[in-house]
Amino acid sequence: MTCPDAVKASDAPPTPRHGDHAAKMKFKEARPFATPDAAEQKLLELANAMEADHAGRLSVAVINTQFVGSGGSYKEYGAAVKAAIAHGWLTMHPSGGYLSFTQAGADLFA
């Protein structure tokens, strides 16, 4: 007994072959700030372009938003901040809400 709606083996789509498989694969997009150096450079450029407040502080929220808006991820942003602090170019306010350039960081753009 056969069901009229049953799919015959000959009606099934062909099984992809090795060469066909690569054409159908989806690749992740390239990450412009995947390396810590590239992310750190972009972070410093964004921070340098911002106008600091009266105390010389830069808003973490604003820099983070601009960084992510330019193609970076939150993880890449965090790595960039840690690297810039480790290099002695930025300091973070104890509240975590602000970054400030050190003299060495400011000298990068002098």
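Reader: At what angle do helix 2 and helix 4 pack, and how far apart are their axes?

Author: Two packed helices are described by the angle between their axes and the distance between the axes. In this predicted model, helix 2 and helix 4 pack at an angle of about 80°, with their axes 8 Å apart. Axes are lines fitted to C-alpha atoms, for helices over the stretch in contact, and angles run from 0 to 180 degrees between N-to-C directions. Helix 2 and helix 4 are therefore roughly perpendicular to each other (under 35 degrees is roughly parallel, over 145 roughly antiparallel, 65 to 115 roughly perpendicular, the rest oblique). Helices (H or I, at least four residues) and strands (E, at least two) are DSSP runs, numbered from the N terminus.

Reader: Which residues of helix 2 meet helix 4?

Author: Ala-39, Glu-40, Leu-43 and Leu-44 of helix 2 meet Glu-76, Tyr-77, Ala-80, Val-81, Ala-83 and Ala-84 of helix 4, where contact means heavy atoms within 4.5 Å. The residues of this contact comprise eight nonpolar, no polar and two charged (Ala, Val, Leu, Ile, Met, Phe, Trp, Tyr, Cys and Pro count as nonpolar, Asp, Glu, Lys and Arg as charged, the others, Gly among them, as polar).

Reader: How are the buried residues of helix 4 arranged around its axis?

Author: An α-helix has 3.6 residues a turn, so residues three or four places apart point the same way. In helix 4, Glu-76, Tyr-77, Ala-80, Val-81, Ala-83 and Ala-84 are buried (buried is under 20% relative accessible area, exposed over 50%, partly exposed in between, with a 1.4 Å probe and protein chains only). Viewed down the axis of helix 4, these buried residues fall within an arc of 165°, so they line one face of the helix; the arc is that of the directions from the helix axis to the C-beta atoms. Tyr-74, Lys-75, Lys-82 and Ala-86 are exposed on the other side of helix 4.

Reader: Which residues of helix 2 are buried, and what covers them?

Author: The buried residues of helix 2 are Ala-39, Glu-40, Leu-43, Leu-44, Leu-46 and Ala-47. What covers them includes strand 1 (58–59), helix 3, helix 4, strand 2 and strand 3. Asp-37 and Ala-49 are exposed on the other side of helix 2.

Reader: Which conventions apply to the numbering and the values?

Author: Residues are numbered from 1 along each chain as its sequence is written, and side-chain values use heavy atoms, with hydrogens and water left out. Local features need pLDDT of at least 70 and side-chain atom pairs count only at pLDDT 80 or more, while totals for chains, interfaces and linings use all residues.
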